[in-house]
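Welcome! Take a moment to look over the sequence and the model, and then we can walk through them together.

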There are 2 protein chains.
Amino acid sequence: MINAVSIKEVKTKLGELCKQKRQAYEMSQEDLAKALDLSRFTIQKFESGKNATLDTVLKIAHHFDWLESFYQALKNLESTNDIDSLY
Amino acid sequence: MINAVSIKEVKTKLGELCKQKRQAYEMSQEDLAKALDLSRFTIQKFESGKNATLDTVLKIAHHFDWLESFYQALKNLESTNDIDSLY
DNA sequence: TCTAAATGTGTATTATAGTAAACAATTTTG
DNA sequence: CAAAATTGTTTACTATAATACACATTTAGA
């Protein structure tokens, strides 16, 4: 099966999700930055789909409780035998 | 519900998963690095659970077809109303 | 409206991820 | 065991993510 999702789309979606959740919590970019010990500029860049470090992504993920979901996705991939089907 | 997974654990799991899948494809770190236009050092660091950029993570994810899975996890989080339960 | 908060941009600087090359240590294979 | 391949580590350098500050623009509230 073809994977139609691009790297750029994932980055954009991550940024959108951050913005959406931040606003749902009625936090400003400044509020979130302070809570995560990051600069507002880093939040701004992330929400607009730019590149970031894994630590930044995971800090944000942790704050909005996405970490368990991410970890589960990884564990599911781990058990998948994706070279060839056995039959 | 408490989120018991730490940022460090997610990074470690990402690295382990990369190593596991790379070996399943019988690729060396060098092979993977060349395929993704990254240095072997970057692969080495990633597999040992160090920090990286989102682009690096997503290049690796794309190569092993994790992108769709990641994107779906994000879309699931998007629709979740996680402030208060409605009742 | 007009004021204030929040967001988007810009510049300069710092911190660090990424690269390239070499070499040691380890693992695999003949 | 010996040779080869792979992996782990170091050093010097480059590229860029992150910071701090300022300021313009946009969005909400009084």
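Of the atoms of DNA strand C within 4 Å of the protein, what percentage belongs to sugar or phosphate? In this predicted model, sugar or phosphate holds 59% of those atoms, and the rest belong to bases.

**Around DNA strand C**

There are 17 residues around DNA strand C, and those that come nearest are A:Arg22, A:Arg40, A:Gln44, B:Thr42 and B:Thr56. Both chains are represented among the helices here: helix H1 (7-24) and helix H3 (40-47) of chain A, along with helix H3 (40-47) of chain B, each supply at least two residues of the surface near DNA strand C. By class, the residues of that surface are 4 nonpolar, 8 polar and 5 charged.

**Around DNA strand D**

DNA strand D is surrounded by 17 residues, the closest being A:Thr42, A:Thr56, B:Arg22, B:Arg40 and B:Gln44. Of the atoms of DNA strand D that come within 4 Å of the protein, 57% are accounted for by sugar and phosphate. For the surface near DNA strand D, at least two residues each come from H3 of chain A and from helix H1 (7-24) and H3 of chain B. That surface has 4 nonpolar, 8 polar and 5 charged residues.

| Residue | DNA atom | Distance |
|---|---|---|
| A:Arg40 | base oxygen of DNA strand C | 2.6 Å |
| B:Thr42 | phosphate oxygen of DNA strand C | 2.3 Å |
| B:Thr53 | phosphate oxygen of DNA strand C | 3.0 Å |
| A:Thr42 | phosphate oxygen of DNA strand D | 2.3 Å |
| B:Arg22 | phosphate oxygen of DNA strand D | 2.7 Å |
| B:Gln44 | phosphate oxygen of DNA strand D | 2.5 Å |

**Where the two chains meet**

Next comes the interface between the protein chains. Here 42 residues of chain A are in contact with 42 residues of chain B. The size of an interface is often given as the accessible area lost when the parts come together. Between chain A and chain B, the buried area is about 4100 Å², and carbon and sulfur atoms give 64% of it. On the chain A side, A:Lys13, A:Leu54 and A:Leu74 lose the most area to chain B, together 16% of what that side buries.

A:Lys13 also takes part in a salt bridge: its side chain meets that of B:Glu78, with 3.3 Å from N to O. Between the two chains the count is 4 salt bridges, and 14 residue pairs are in polar contact, both residues at pLDDT 80 or more.

Which helices supply at least two residues each to the side of chain A that touches chain B? They are H1, helix H4 (54-63) and helix H5 (67-79) of chain A. The largest share, 11 residues, comes from H1(A). Sorted by class, the residues of this side of chain A are 22 nonpolar, 8 polar and 12 charged.

**How the copies are related**

Why can the copies be said to meet through the same surface? Because 100% of the interface residues of chain A are also interface residues in chain B.

Methods. Residues are numbered from 1 along each chain as its sequence is written. Chains are lettered from A and ligands numbered from 1 in the order in which they are written. This is a predicted model: local features need pLDDT of at least 70, side-chain atom pairs count only at pLDDT 80 or more; totals for chains, interfaces and linings use all residues. Side-chain values use heavy atoms; hydrogens and water are left out. A residue is near a molecule or strand if one of its heavy atoms lies within 4 Å of it. A polar contact is a pair of N or O atoms within 3.5 Å; within protein, one must be able to donate a hydrogen and the other to accept it, and residues adjacent in sequence count only if both atoms are side-chain atoms. Helices (H or I, at least four residues) and strands (E, at least two) are DSSP runs, numbered from the N terminus. Ala, Val, Leu, Ile, Met, Phe, Trp, Tyr, Cys and Pro count as nonpolar, Asp, Glu, Lys and Arg as charged, and the others, Gly among them, as polar. Contact means heavy atoms within 4.5 Å. Buried area is the accessible area (1.4 Å probe) that two parts lose on being put together, summed over both.
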